[in-house]
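Welcome, and please load the model in your viewer. We will go from stop to stop, selecting a few residues at a time.

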Amino acid sequence: MPSSKGPKIFNNRSSLPQYFPRKPTSQIICILILITLLIFGYLAISRTLLGHNCHSTLPRSVSVVWERTESSNKDGSLLVKGDVKRHKVMAFVGIFTGFGSVGRRRALRQTWLPSDRDGLQRLEEATGLAFRFIIGRTNVQWKMSVLKKEVAQHDDFILLDIEEEYSKLPYKTLAFFKASYALFDSEFYVKADDDIYLRPDRLSLLLAKERSNPQTYIGCMKKGPVFTNPKLKWYEPLSHLLGNEYFLHAYGPIYALSAKVVRTLVALRNDSFRMFSNEDVTIGSWMLAMNVNHENNHELCSPECTSTSIAVWDIPKCSGLCSPETKMGELHKKEECSGSPTVGE
């Protein structure tokens, strides 16, 4: 009997094909190795084919809040919810907007600003510029609910924990620079309004220029009140005629601060700043105290589209386009606005 069992077991095993392992444990190991190789191969192919779009699935909109201590009602340290790393771009452009500007944002998304993630990503890759709408908060719940739906649809906002009110625009501006510096590692930080027609490609060329002074303040500059005598150019300052002294500052619809300037603003306590009623005057006073280099560029306040205009708005009639929702579309249809080639130096 013992001798008859041996051949049965031997013959049973030898009848299997030679490429099968002779032990069940070996089969399991081989199967596991095969599955592991398949997984690694799939991941490698996925990264190769889809890798450059993976980051676009991450949310772009972000809510920024400030810690508040019991001993102070002023904004304290910055808090960004979630694992947010500073995004590297050449420049970050914050488009200031409000709860009553739904139509303006729609007009922008239908003209020079892409309305979808992929479009924004392509624009960023082509120009080095990242764009987000900047808005505060309100206690009116239905307005917040409408905004929440728009954020979910377009995902192109930075939400600041500050009351959205025109009289508090200087405070919103300071909050914007602090938040944008925390979120973006940029060479420049640009404040823009939602009622201007912008050429991102030309703005990119302007900001990409080499500059000897790292503390730079770029804008369409004015000194003192603007004198509107038709015999003079629109930018002729009244101070020149009266002999008064006024400090130089940029018009509010769009201006840019270099990273070193913004870093200084971020480092200072909020109660260190003098706030004026006008946001552009407020920023100009801060720049005067910091002894920055004022770079004047009237292509940032062009009253009409040209081959070199960067930002178009109805200066001096309006601080922006006078009827932005209508005018934005009209400008975009003009070849000299949207279709003319970018002229580099």
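Begin by selecting helix H3 (residues 102–109) together with H11: their axes come within 9 Å and cross at roughly 5 degrees. Axes here are lines fitted to C-alpha atoms, for helices over the stretch in contact, with angles running from 0 to 180 degrees between N-to-C directions. H3 and H11 are therefore roughly parallel to each other; angles under 35 degrees count as roughly parallel, over 145 as roughly antiparallel, 65 to 115 as roughly perpendicular and the rest as oblique. Helices (H or I, at least four residues) and strands (E, at least two) are DSSP runs, numbered from the N terminus.

Before moving on, a note on the model: it is predicted, local features need pLDDT of at least 70, side-chain atom pairs count only at pLDDT 80 or more, and totals for chains, interfaces and linings use all residues. Residues are numbered from 1 along each chain as its sequence is written, and side-chain values use heavy atoms, with hydrogens and water left out.

Now show the side chains at this first stop. Gly 103, Arg 104, Ala 107 and Leu 108 of H3 meet Pro 324, Glu 325 and Met 328 of H11, where contact means heavy atoms within 4.5 Å. By class, this contact of H3 with H11 holds four nonpolar, one polar and two charged residues. In this scheme Ala, Val, Leu, Ile, Met, Phe, Trp, Tyr, Cys and Pro are nonpolar, Asp, Glu, Lys and Arg are charged, and the others, Gly among them, are polar.

Which kind of peptide bond joins Ile 315 and Pro 316? The bond is cis, with omega about 5 degrees.

Next, select helix H6 (residues 169–183) and helix H10 (residues 279–290), whose axes come within 8 Å and cross at roughly 55 degrees. H6 and H10 are therefore oblique to each other. On the H6 side, the contact uses Leu 169, Pro 170, Thr 173, Leu 174 and Phe 177, and on the H10 side Glu 279, Thr 282, Ile 283 and Trp 286. Six of these residues in the contact of H6 with H10 are nonpolar, two polar and one charged.

Zoom in on Thr 282 in helix H10. Is Thr 282 buried or exposed? At 1% relative accessibility, Thr 282 counts as buried; the cut-offs are under 20% relative accessible area for buried, over 50% for exposed, and partly exposed in between (1.4 Å probe, protein chains only). The side chain of Thr 282 reaches the backbone oxygen of Asn 278 at 2.7 Å. Leaving aside neighbours within four places in sequence, Thr 282 touches Pro 170, Arg 274, Met 275 and Phe 276.

Val 261, Thr 264 and Leu 265 of H9 make the contact with Trp 286, Met 287 and Met 290 of H10.

Finish with two loop residues. Asn 291 sits between H10 and strand E12 (293–296), has a positive phi near 60 degrees and is exposed at 64% relative accessibility. Asp 155, between helix H5 (141–154) and strand E6 (157–163), has a positive phi near 55 degrees but is buried, at 7% relative accessible area.

Note on methods. Polar contact = N/O pair within 3.5 Å; in protein donor to acceptor, adjacent residues only side chain to side chain.
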